[in-house]
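Below is a short note for a colleague who has not seen this structure before.

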Amino acid sequence: PDQLVAPEDMEELDRWAVTRLNALIEKCFQAYDDYEFNAVTHAVNEFCVLDMSNFYLDIIKDRLYCEETDGLKRRSAQTALFLILDTMTKIMAPILCFTCDEIWQAMPHRSGDDVRNVVLNEMNQPFTDYALDEAAMEKWSTVEKLRDDVNAVLEAARAEKKIGKALEAHVVLYPQGDEGKRAMEKLSAFTTDQLADLFIVSDVEIAQGAGAAGVKVPVIQAAVSEAKGEKCERCWKHHIKVGADKGHPTLCPRCAKVIRTIEL
């Protein structure tokens with residue numbers, strides 16, 4: 001906790017999570033000022049379900065499990081998770097006193113924290129240094145919507161036995177008309193590898209023209225096929241270069257590199 005990743009070094013997805021946390025903080029502070037305690041619990045529950053469980057936590061599992069232990073990508077996610085846990089424990093302490101204190105006693109702390117009890121500490125103010133601007137948040141809103149659409153396509157592909165798990169999928173995106181092109185322009189900052197991580201698939205391709213057979217979505221049509229390459233036994237992604245590292249014949253290049261750092 002005393003070695004948090006600096007805002008300028010943090011992955012943008014993690015900064016998105018902290019920006020959403022900032023919105024939660026402001027909403028809960030206002031609700032406490034208005035003595036609307038039910039609004040606090042509803043806001044926290046919505047944050048946990050929509051922002052965390054349905055989106056953020058699902059995506060960062062790969063980084064937490066498969067990246068280098070002390071690598072920047074993993075520590076970036078850990079920093080966001082610590083800020084979220086620390087903030088939510090303090091926010092809910094007036095309502096779930098004993099539960100939040102049990103969390104407080106079990107979690108790590110910064111050197112300036114009073115470890116005796118959660119209520120002996122001030123609630124966190126918004127972490128403005130980590131916050132994304134409005135344009136960046138609009139881009140991430142597009143990602144969220146597109147991810148929901150891709151998930152619908154993946155479910156249909158699973159039902160048709162085209163794929164088993166999502167990590168077995170190769171996804172092709174077809175922008176539909178001017179609106180689809182505008183949506184893809186917002187995503188131009190992402191590489192196809194980054195989009196694959198966000199959709200939790202092995203490979204993403206962006207095509208031009210009308211869509212192929214697939215499930216229609218509002219502005220982008222997606223098609224799913226089985227990903228090329230072999231399955232990495234560590235991260236479970238399919239990669240055409242699994243086994244390229246002769247010392248690790250069942251691993252993709254990323255996992256082989258990480259394992260070599262552990263072996264050292």
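1. Helix α5 gives the most to the lining of the second largest pocket, with six residues. Both α5 and α6 (177–186) supply at least two residues each to that lining. Helices (H or I, at least four residues) and strands (E, at least two) are DSSP runs, numbered from the N terminus.

2. This is a predicted model: local features need pLDDT of at least 70, and side-chain atom pairs count only at pLDDT 80 or more, while totals for chains, interfaces and linings use all residues. Residues are numbered from 1 along each chain as its sequence is written, and side-chain values use heavy atoms, with hydrogens and water left out.

3. The second largest pocket has a volume of about 260 Å³. Its lining holds 13 residues, and Thr142, Lys145, Ala183, Lys186 and Val219 are the ones nearest its centre. On a 1 Å grid over the protein atoms alone, a pocket is an open set of points where a 1.4 Å probe fits, with protein on both sides within 12 Å along at least five of seven lines; lining residues have an atom within 4 Å of a point. Grid points are joined across faces, edges and corners, and a volume is the space filled by probe spheres set on the points.

4. By class, the lining of the second largest pocket has five nonpolar, two polar and six charged residues. Ala, Val, Leu, Ile, Met, Phe, Trp, Tyr, Cys and Pro count as nonpolar, Asp, Glu, Lys and Arg as charged, and the others, Gly among them, as polar.

5. The largest pocket has a volume of about 1,200 Å³. Of the 39 residues that line the largest pocket, Asp193, Gln194, Ala196, Asp197 and Lys237 lie nearest its centre. Helix α2 gives the most to this lining, with eight residues. The lining of the largest pocket has 18 nonpolar, five polar and 16 charged residues.

6. A search of the whole structure finds four aromatic pairs. The ring centres of Tyr35 and Phe37 are 6.3 Å apart and the planes are at 80°, so this pair is edge-to-face. Rings of Phe, Tyr and Trp (its six-membered ring) pair if their centres lie within 6.5 Å; planes over 60 degrees apart count as edge-to-face, under 30 as stacked and the rest as tilted. Ring pairs link Tyr32, Tyr35 and Phe37 into a cluster.

7. Tyr35 is exposed, with a relative accessible area of 66%, and Phe37 is partly exposed at 42%. Exposed means over 50% relative accessible area, buried under 20%, and partly exposed in between (1.4 Å probe, protein chains only). Trp140 and Phe190 also form an edge-to-face pair, 5.1 Å centre to centre with 85° between the planes. Trp140 lies in helix α5 and Phe190 in the loop between α6 and α7, so the pair ties together parts that are 50 residues apart in sequence. Both Trp140 and Phe190 are buried.

8. Asp14, in helix α1, is buried, with a relative accessible area of 0%. Leaving aside neighbours within four places in sequence, Asp14 is in contact (heavy atoms within 4.5 Å) with residues including Tyr56, Arg63 and Ser76.

9. Most residues other than glycine have a negative phi. Tyr35, in the loop between α1 and α2, has a positive phi of about 55°. Phi of Lys161 is also positive, near 65°. Lys161 is exposed, with a relative accessible area of 73%.
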